[in-house]
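Here is a walk through one model, going from the strands to the ligands and then out to a few loops. Have the viewer open while you read.

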Amino acid sequence: MEAIPPGALTRDLSTLLNLFDFEESAVDWMTKMAYEYVASGAADELTLRWNRQALDAIRLNPTVLTDVSQLDTSVSLFGTRLSHPILIAPTAYHRLMHPEGELATVRGAGAASALYVVSSFTTTPLAEIAQRATQPLWFQLYVRDDRAFTQNLIQEAEALGYRALCITVDTPTPGVRNREHRSHFKLPDDVRTPHMGGPLVEKKPLTWKDIEWIQSFAKTPVLLKGILNPDDAERAVESGVSGIIVSNHGGRNLDTVPATIDALPRITERVDQRMPILLDGGIRRGTDVLKAIALGASAVLVGKPICFGLACGGAEGVAKVLQILQHELELAMALTGRATLAGIDRSVIWQ
Ligand SMILES: Cc1cc2nc3c(=O)[nH]c(=O)nc-3n(C[C@H](O)[C@H](O)[C@H](O)COP(=O)(O)O)c2cc1C
Ligand SMILES: CCCCC(=O)C(=O)O
């Protein structure tokens with residue numbers, strides 16, 4: 001790994017005003033390999049681009065002269081009250097982005113009152129993250145062929161106070177990652193993943209039977225991360241899981257699947273309030289959060305911007321990314337005449 005640039009922990013973030021600024025600045029603070037790993041999408045990166053383009057293409061239909069003097073962005077998920085609906089998506093290898101890795105992320109989450117979904121590929125032990133958490137944590141699970149290992153990992157996370165389990169179901173294999181390969185992605189020797197051992201090279205298929213098996217002993221709510229197909233959403237309801245995350249893995253797995261915001265309305269319709277739906281993919285502006293909620297999401301997650309925030313400024317960078325998005329959401333609510341998240345319905349979308 002190249003040396004961490006001098007002053008890495010004290011750089012000035014005041015000129016970074018939105019999430020795109022963070023991405024642009026992060027290029028200067030990351031190794032080429034780390035930047036390519038985070039920023040790239042699968043194959044021709046069509047889905048990666050569509051995630052953004054589809055959000056941009058949605059126009060808003062504001063209501064004027066409503067009382068927006070008291071904005072309330074809070075939401076309850078599985079019995080936990082959150083002060084805003086913007087969660088940290090699980091992303092691997094934070095020590096590749098900043099020397100403090102996940103310990104910086106969890107401090108940033110605390111400063112921004114954000115729920116943090118910790119990746120199976122964390123480069124910091126789950127216990128150390130939990131020790132420093134002041135906001136709720138969830139755990140993202142990659143199911144390994146060794147099911148006893150998986151069961152132990154789930155039980156370890158639960159015992160440490162992780163409050164929900166997000167099982168990633170869209171990655172029977174990683175996708176075509178040309179940019180990652182071109183930059184010769186390899187974890188530096190001093191960056192380890194204490195809960196995963198090696199990379200994902202699983203042979204035993206993960207199926208609905210495994211989801212039932214996990215639910216037979218899991219004590220915390222189980223969510224499926226990576227649903228795009230309404231039939232799968234229906235099956236998820238039938239399988240008794242507590243929620244789903246509509247996700248195309250940030251455009252990193254199967255290229256040419258639709259933007260998540262385009263997949264959301266059909267899933268919302270099919271699920272018909274039977275469980276909460278979360279969404280990630282391309283959320284960069286407060287208006288994006290508002291659009292996702294209008295189309296049926298209870299909350300959203302952000303992936304790449306958190307990695308870029310971490311690279312630009314450790315905990316402070318993570319907190320600032322989240323605070324910007326949260327503030328932009330408040331402005332979007334005030335300007336569309338919606339004082340609460342419950343008030344953000346489809347009528348806020350220009351049809
Ligand atoms: C660098 C990086 C690493 C990721 N690692 C994981 C992971 O370990 N587990 C997982 O379920 N998803 C992982 N994801 C996918 C994210 O959880 C999320 O679905 C996606 O990044 C959301 O899109 P966005 O980056 O446009 O916000 C990763 C994404 C990125 C960019
Ligand atoms: C095999 C997946 C590793 C982490 C991940 O989910 C990602 O890079 O998107």
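Strand S4 (residues 116-118) runs parallel to S5, and three bridges hold the pairing. Helices and strands here are DSSP runs (helices are H or I with at least four residues, strands are E with at least two), numbered from the N terminus. Two strands count as paired if DSSP finds at least two bridges between them. Within this pair, Val118 has Phe139 of S5 as its bridge partner. To get from S4 to S5, the chain goes through helix H5 (residues 126-132), and this β-α-β crossover is right-handed. Right-handed means that, with the strands pointing away from the viewer, the path from the first strand over the helix to the second runs clockwise.

On to the next neighbour: S5 and strand S6 (residues 165-168) are parallel too, joined by three bridges. Leu141 sits opposite Ile167 in S6. Helix H6 (residues 147-159) carries the chain from S5 to S6 in another β-α-β crossover, which is right-handed.

This is a predicted model, where local features need pLDDT of at least 70, side-chain atom pairs count only at pLDDT 80 or more, and totals for chains, interfaces and linings use all residues. Residues are numbered from 1 along each chain as its sequence is written, while chains are lettered from A and ligands numbered from 1 in the order in which they are written.

## How covered is S5?

Which residues of S5 are buried on each side? Leu137, Phe139 and Leu141 are buried on one face, and Trp138 and Gln140 on the other. That makes five of five residues buried in strand S5 (residues 137-141). The cut-offs: a residue is buried if 20 or more other C-beta atoms lie within 10 Å of its own, exposed if 12 or fewer, and partly exposed in between, with C-beta atoms placed from the backbone.

## The ligand shells

Ligand 1 has 25 residues around it, the closest being Thr91, Ser119, Gly250, Gly303 and Lys304. "Around" means that a residue's C-beta atom, placed from the backbone, lies within 6 Å of the molecule. Helix H2 (32-39) and helix H12 (304-336) are the elements that each give two or more residues to this shell. By type, the ligand 1 shell has nine nonpolar, 12 polar and four charged residues. Here Ala, Val, Leu, Ile, Met, Phe, Trp, Tyr, Cys and Pro count as nonpolar, Asp, Glu, Lys and Arg as charged, and the others, Gly among them, as polar.

## His249 and the annotations

His249 carries the UniProt annotation "active site", from an unreviewed entry. The residue sits in the loop between strand S8 (243-246) and helix H10 (260-271). His249 counts as buried because 24 C-beta neighbours lie inside 10 Å. Leaving aside neighbours within four places in sequence, His249 is in contact with Asp170, Thr171 and Gly226; contact means C-beta atoms, placed from the backbone, within 7 Å.

The unreviewed UniProt entry also places "domain: FMN hydroxy acid dehydrogenase" at residues 11-351. UniProt positions use the numbering given here, feature names are shortened, and annotations may be inferred rather than shown by experiment. That span is 40% helix and 11% strand, with its end C-alpha atoms 44 Å apart.

Eight of the 11 residues of helix H4 (residues 101-111) are buried, including Leu103, Val106 and Ala109. The buried residues of H4 pack against strand S3 (86-88), S4, H5 and H12. Just after H4, Ser113 has a positive phi of about 50 degrees.

In helix H1 (residues 19-26), Leu19, Phe22, Glu23, Ser25 and Ala26 are buried. These pack against H2 and H12.

## A few loop residues

Leu96 lies in the loop between S3 and H4. Why does Leu96 count as buried? Because 25 other C-beta atoms lie within 10 Å. Its C-alpha atom is 9.9 Å from that of Leu310, 214 residues apart along the chain.

His184, in the loop between helix H7 (178-182) and helix H8 (208-217), has a positive phi of about 55 degrees without being a glycine. With 9 C-beta neighbours inside 10 Å, His184 counts as exposed.

How values were computed: Contact = placed C-beta atoms within 7 Å.
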